[in-house]
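Have the chain open while you read, and take the points in order.

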Amino acid sequence: MELILGIESSCDETAASVVAGGCEVRSNVVSSQIAKHSLYGGVVPEIAAREHLNSIELVTETALKSASATMKDVRAISVTNGPGLIPALLVGLNYAKGLSAGHKIPLIGINHFIAHIYGSFLENGMDRLKNPETYPILSLVVSGGHTALVMITADGTAKIVGTTLDDAAGEAFDKAAKLLNLGYPGGPVIEKTAKNGNPAKFAFPRSLTGAAGRALSEKDRFNFSFSGVKTSLYYHCKNAGGSDKIQGEFLYDTVASYQEALVDVLTRKTLEAAEHFCAPTVVICGGVACNGALRERMKKILPAKRQLVVSHPKYCTDNAAMIAGLGWHYYKEKKFDDYSLDAYSRMSELSSVVFV
Ligand code: KG4
Ligand code: ZN
């Protein structure tokens, strides 16, 4: 089976991976920069780029070594070229170009957003992808940079049917943790803190769900908005006399209720879209898909006729296995890039995916 080397540096993880035949993960190495950024409560692009530069060579060599492979065994190099932080992306992209030119191996640019969806099928998902009964797939992509619902049909057509009008869900977790002085990244610490609290204690807003008596327009049926819930938390803290007054049980209940509002909106909208588009398969992917409450709720509310696909948390957060796995499909179709391949920061329109 053909080996593809994947390289990922779009945000704060430097990652490299060797994947065989599109889904057999031979190695998956991730070097996290969390400690460097937590000082600032968020990712600083220049620091991210410098850190990527420091670790990319070692991370790649380790990925090859743990896969018992050398560059001679690699058929193509796939690398994230967007969307993401430009200074961070450029490190991985230029490194991949250098490897490609030096070893005369084809280069493939990968869309990080689509790779998150593909990551849900790593290891044992290829049969599912080949089965026509899997389609259409409805995918909720929830990360620090994205919150979107994507429909993928059996002919490979892909369409974003809903997106966030402001912040991503991951940002709503991260900003809340920052406001409550819980550290960075917010998702894991919010999840842990919420376990001790009562999720029904405080009613945080559920924007664009038709709640609070406000009619929901058809165009926003599958869209999201998280700025309201964040503002609401800000005033919740202010009314308490400042976030340092929110301690103990009060903190636990606040965090549990806040997480509940996010989980409620994400799962309800996903279910509604799955029903509307008659999708037999529902995927949840991206860093926020690590959240146990989100995974459990989705499992609970999806009717038995709809299959939930959520991968191991190591393939939900940023990794290069999803980049290498998706790269294999481009390799099979000989869709290669030349060295004019550039990095881009924003998600472009989505019309098709190569892995169907
Ligand atoms: O996919 P990812 O690693 O990077 C991006 O592409 O953005 O996602 C990172 C996001 C962060 O906002 C982080 O707080 C969130 O995923 N996250 C979680 C959890 N683990 C990571 N959010 C909620 N619960 C978690 N357990
Ligand atoms: Zn990501």
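1. First, a term we'll need: a polar contact is a pair of N or O atoms within 3.5 Å, where, within protein, one must be able to donate a hydrogen and the other to accept it; residues adjacent in sequence count only if both atoms are side-chain atoms. Also keep in mind that you're looking at a predicted model.

2. The chain is assigned two domains: domain 1 takes in 3-118 + 315-332, and domain 2 covers 132-310. Their C-alpha centres sit 27 Å apart.

3. How much area do domain 1 and domain 2 bury between them? It comes to about 1200 Å², with 78% of that on carbon and sulfur atoms. On the domain 1 side, Phe-113, Ile-117 and Cys-316 lose the most area to domain 2, and together they make up 50% of what that side buries.

4. As for who touches whom, 14 residues of domain 1 meet 16 residues of domain 2. Between the two domains there are zero salt bridges, while two residue pairs are in polar contact, both at pLDDT 80 or more.

5. On the side of domain 1 that touches domain 2, α1 (34-38) and α4 (112-119) are the elements giving two or more residues. By class, that side has seven nonpolar, six polar and one charged residues.

6. Have a look at His-146 too, in the loop between β6 (137-142) and β7 (147-152). Is His-146 buried or exposed? With a relative accessible area of 14%, His-146 counts as buried, because the cut-off is under 20%. Leaving out residues up to four places away in sequence, His-146 touches Pro-83, Phe-113, Val-141, Ala-168 and Met-347.

Conventions. Residues are numbered from 1 along each chain as its sequence is written. Chains are lettered from A and ligands numbered from 1 in the order in which they are written. This is a predicted model: local features need pLDDT of at least 70, side-chain atom pairs count only at pLDDT 80 or more; totals for chains, interfaces and linings use all residues. Side-chain values use heavy atoms; hydrogens and water are left out. Domain bounds come from an automatic or database domain assignment. Contact means heavy atoms within 4.5 Å. Buried area is the accessible area (1.4 Å probe) that two parts lose on being put together, summed over both. A salt bridge is a side-chain nitrogen of Lys or Arg within 4 Å of a carboxyl oxygen of Asp or Glu. Helices (H or I, at least four residues) and strands (E, at least two) are DSSP runs, numbered from the N terminus. Ala, Val, Leu, Ile, Met, Phe, Trp, Tyr, Cys and Pro count as nonpolar, Asp, Glu, Lys and Arg as charged, and the others, Gly among them, as polar. Buried means under 20% relative accessible area, exposed over 50%, partly exposed in between (1.4 Å probe, protein chains only).
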